[in-house]
Amino acid sequence: MSKGLVATIGALTVAALLLLAACIEKVPQGNVAVMYSTAGVKDKTLNAGWHLVSPLTRTTDYPVRTQTKEYDKLNVATSDGKNLTMSISVNYHVDATKVVPIFNKFGNADIEQLENGYLRTRVQDGLRQSVSKYSVIETFGVKAGEIKKDTIETLQKRLEKEGFIVEDIAVSSPEADKATQASIDERVKANQELERAKTDKQIASANAEKKRIEAEGEAKANKILNDSLTPELIEKQKIDKWKGENPLEINSQGVIVGGK
């Protein structure tokens, strides 16, 4: 075999191996992949694993396992016009049955691009909408649970139809600028003083009611006792207490007389 033929066979072998490598596609665990080419997007998706595809076919992976994305310091405003920043962590996954529509809508943008673009905007809008229902004091306190509930319901409703399934969220405590924080502290202090005054009033009222009830009870007991002390009963009590001894008397000279 001539050297030229050997070289040609070698070159063809290398080319074949390179072509085979170009045709092998690996989809990571927990993902599915959309296939597309100049001919368009294929309806069939690739599951996790190794696949043999056309060298002209490209793929984009989408996670169908749970993903966690954190968005820090999102700007929101309360119903009384206070500007705050809040951070939110979102647990979600992509609906495997909707990855083709997702690709058709957003093109070949990967999940990281979607998280930093489309998803970030939807999450911030949902959080803003929830916070805008409550005052700054409520946002920092009793309505924190409602804000989380409202936000997750809004995100689930808006994103599920797009193919993003929101499983859970975690919303951090809000942060305010110095002026807003000072205003909040003053209002909190005023509310605490008001609650303390209400508590003191309730305690005083309870003590007064207790004394009134005790006085009424004592008065009723005395009345019952007085009503029961008839002359006959008094006389009987004297007889019951008598031990059979004559009462002692002292005469004019100071001498004790009488007795048994």
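A salt bridge is a side-chain nitrogen of Lys or Arg within 4 Å of a carboxyl oxygen of Asp or Glu. By this criterion, Asp 150 forms a salt bridge with Lys 133, with 3.6 Å between the closest N and O atoms. The pair links distant parts of the chain, 17 residues apart. Asp 150 lies in helix α5, and Lys 133 lies in the loop between α3 (111–131) and α4 (136–140). Helices (H or I, at least four residues) and strands (E, at least two) are DSSP runs, numbered from the N terminus. The model is predicted: local features need pLDDT of at least 70, side-chain atom pairs count only at pLDDT 80 or more, and totals for chains, interfaces and linings use all residues. Residues are numbered from 1 along each chain as its sequence is written, and side-chain values use heavy atoms, leaving out hydrogens and water.

Burial was assigned from relative accessible area: buried means under 20%, exposed over 50%, and partly exposed in between (1.4 Å probe, protein chains only). Asp 150 is buried at 11%. Lys 133 is partly exposed at 47%.

The whole structure holds six salt bridges. One of them joins Glu 175 and Lys 73, at 3.0 Å from N to O. Glu 175 lies in strand β9 and Lys 73 in strand β6, so the pair ties together parts 102 residues apart in sequence. Glu 175 is partly exposed, with a relative accessible area of 43%. Lys 73 is exposed, at 51%. Another salt bridge links Lys 105 with Glu 162, with the closest N and O atoms 2.8 Å apart. Lys 105 belongs to helix α2, and Glu 162 to the loop between α5 (144–160) and β8, so this pair connects parts 57 residues apart in sequence. Lys 105 is partly exposed, at 46% relative accessibility.

Strands were treated as paired if DSSP finds at least two bridges between them. Three strands form an open sheet in the order β3-β2-β5, with antiparallel pairing. β3 (40–46) and β5 (58–63) stand at the edges with a single partner strand each, so one side of each has no neighbour in the sheet. The twist averages 25° from one strand to the next. Strand β2 (residues 31–37) pairs with β3 over four bridges. Within this pairing, Val 34 has Thr 45 of β3 as its bridge partner. Helix α2 (residues 99–106) packs on the sheet and touches β2, β3 and β5; contact means heavy atoms within 4.5 Å. The direction of α2 makes about 150° with that of β3. Axes are lines fitted to C-alpha atoms, for helices over the stretch in contact, and angles run from 0 to 180 degrees between N-to-C directions.

Strand β7 is mostly covered, with nine of its 12 residues buried. Nine bridges join β7 to strand β6 (residues 67–77), and the two run antiparallel. Lys 69 has Val 90 of β7 as its bridge partner. Val 90 also stands opposite Ile 169 in β8. β7 and β8 (residues 164–171) pair in the antiparallel sense over seven bridges. Two bridges join β7 to strand β9 (residues 175–176), again antiparallel. There, Thr 85 stands opposite Glu 175.

Asp 95 sits in the loop between β7 (83–94) and α2. Asp 95 is buried yet has no salt bridge. Beyond its neighbours within four places in sequence, Asp 95 is in contact with Gly 163 and Ile 165.

Notes. Lys and Arg count as positive and Asp and Glu as negative; His and the chain ends are not counted.
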